[in-house]
Amino acid sequence: MAPKHDEIRLATDKRTEFGKGAARKLRRADKVPAVLYGHGEAPIHLALPFHDTFQALKNPNALLTIAVEGEDDQLALAKDIQRDPIKPIIEHVDLIMVKKGQKVVVEVPVQIEGEAAPETVVTLDAQTLEIEADPMTLPDNLVVSVEDEQVGTLIHASDLTMPAGVTLVSDPETLVVNITQQISEEALEAELAEAEEEAGVEHDEPETEAAAAADEAPAEGGEESSDKE
């Protein structure tokens with residue numbers, strides 16, 4: 001994946017009111033409460049435009065240009081994003097100041113591409129890896145190819161090709177992808193039956209079979225007697 005260079009500019013306002021009530025008021029006005037900090041500077045409390053911020057933060061490690069009226073623009077990365085668990089709402093963002101040429105350490109997602117050999121299962125063991133790079137050359141993701149890979153293939157972090165200017169920070173021995181044999185339906189059913197047997201799971205007798213067995217059973221007390229007049 002090629003590094004990304006586009007900067008996203010967010011025109012922001014400074015916040016002067018704080019607390020839950022002030023935050024709710026901001027969100028009703030389509031603003032996102034945020035704090036910008038780093039480089040030993042005093043934290044700056046901001047109100048970000050909701051729509052632009054929501055779109056920008058769909059991309060991991062989006063490089064943001066924070067523009068505050070009357071002050072110099074500041075490059076930043078989202079360090080922590082608090083989202084509503086149900087609604088598509090960003091509740092708060094922590095931003096960290098960055099500078100061109102000064103490397104940062106971030107986590108980036110791993111993406112699988114290609115098709116492994118037939119009858120295999122590809123498992124992504126490491127969803128993200130930690131890297132170090134200039135904020136101007138942070139990749140959107142790290143790509144690992146599994147094209148035609150066979151059963152038993154193990155791909156570790158050290159096997160991935162890092163984009164130019166990017167250094168792996170995660171343990172090189174981190175298992176990223178594991179390719180195993182696909183299990184057949186018959187084998188899966190056999191394993192399930194064995195596991196149920198070991199756990200003492202008993203299945204109810206099918207209703208039709210139970211009814212047939214009841215019909216065939218002799219009446220209590222011996223032979224069936226006829227009704228009396």
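**Before starting**

The model is predicted, and local features need pLDDT of at least 70, side-chain atom pairs count only at pLDDT 80 or more, and totals for chains, interfaces and linings use all residues. Residues are numbered from 1 along each chain as its sequence is written, and side-chain values use heavy atoms, with hydrogens and water left out.

**The whole protein**

Display the entire protein as a cartoon. It contains 4 helices and 13 strands. Helices (H or I, at least four residues) and strands (E, at least two) are DSSP runs, numbered from the N terminus. Of the 229 residues in the protein, 30% are buried. Here, buried means under 20% relative accessible area, exposed means over 50%, and partly exposed lies in between, with a 1.4 Å probe and protein chains only. Among contacts with a separation of 6 or more, 64% are between residues 24 or more positions apart. A contact means heavy atoms within 4.5 Å.

**The barrel**

Select strands E1 to E6. In which order do the 6 strands close into a barrel? The order is E1-E3-E2-E6-E5-E4, with mixed pairing. Neighbouring strands of this sheet are turned by 45° against each other on average, direction ignored. Such angles are taken between axes, which are lines fitted to C-alpha atoms (for helices over the stretch in contact), and they run from 0 to 180 degrees between N-to-C directions. Strands of a sheet pair through backbone hydrogen bonds, either parallel or antiparallel. Two strands pair if DSSP finds at least two bridges between them.

- Select residues 8-14 and 41-49. These are E1 and E3, which pair in the antiparallel sense over 2 bridges; Asp13 stands opposite Ala47 in E3.
- Select E2 and E6, which pair in the parallel sense over 4 bridges. The bridge partner of Leu36 in E6 is Leu95.
- Select E5 and E6, which pair in the antiparallel sense over 7 bridges. Asp80 stands opposite Asp94 in E6, and a hairpin joins E5 to E6 through 6 residues.

Select residues 20-28, which form helix H1. This helix lies across E2 (31-38), E3 and E6 (90-97), and runs at about 120° to E2.

Next, select Asp30, in the loop between H1 and E2. Is Asp30 buried or exposed? Asp30 counts as exposed because its relative accessibility is 52%. Asp30 has a positive phi of about 60° although it is not a glycine. Most residues other than glycine have a negative phi.

Select Glu119, in the loop between E7 and strand E8 (120-124). Its phi is near 60°, a positive value in a residue other than glycine. Glu119 counts as exposed, because its relative accessibility is 55%.

**The nonpolar cores**

Select Leu129 and Val176. Of the 25 residues in the largest nonpolar core, these two touch the most other members. A nonpolar core is a set of buried Ala, Val, Leu, Ile, Met, Phe, Trp, Tyr and Cys residues joined through side-chain atoms within 4.5 Å. The elements that give two or more residues to this core are E5 (74-83), E7 (104-113), E9 (128-133), E10 (142-145) and E13 (175-181). E7 gives the most, with 4 residues. Apart from this core lies another, of 17 residues, among them Ala76, Ile90, Val93 and Met97.

Leaving aside neighbours within four places in sequence, the contacts of Val176 include Val110, Leu129, Ile155 and Leu160.

Now move to Val144, in strand E10. Val144 is buried because its relative accessible area is 4%. Val144 and Val110 are 34 residues apart in sequence, and their C-alpha atoms are 7.2 Å apart in space. Leaving aside neighbours within four places in sequence, Val144 is in contact with residues including Val110, Ile155, Leu160 and Val177.

**The largest pocket**

Finally, select Asn61, Leu77, Ala78, Lys79 and Val106. Of the 22 residues lining the largest pocket, these lie nearest its centre. On a 1 Å grid over the protein atoms alone, a pocket is an open set of points where a 1.4 Å probe fits, with protein on both sides within 12 Å along at least five of seven lines; lining residues have an atom within 4 Å of a point. E5, E6 and E7 each supply at least two residues of the lining, and E5 gives the most, with 5 residues.
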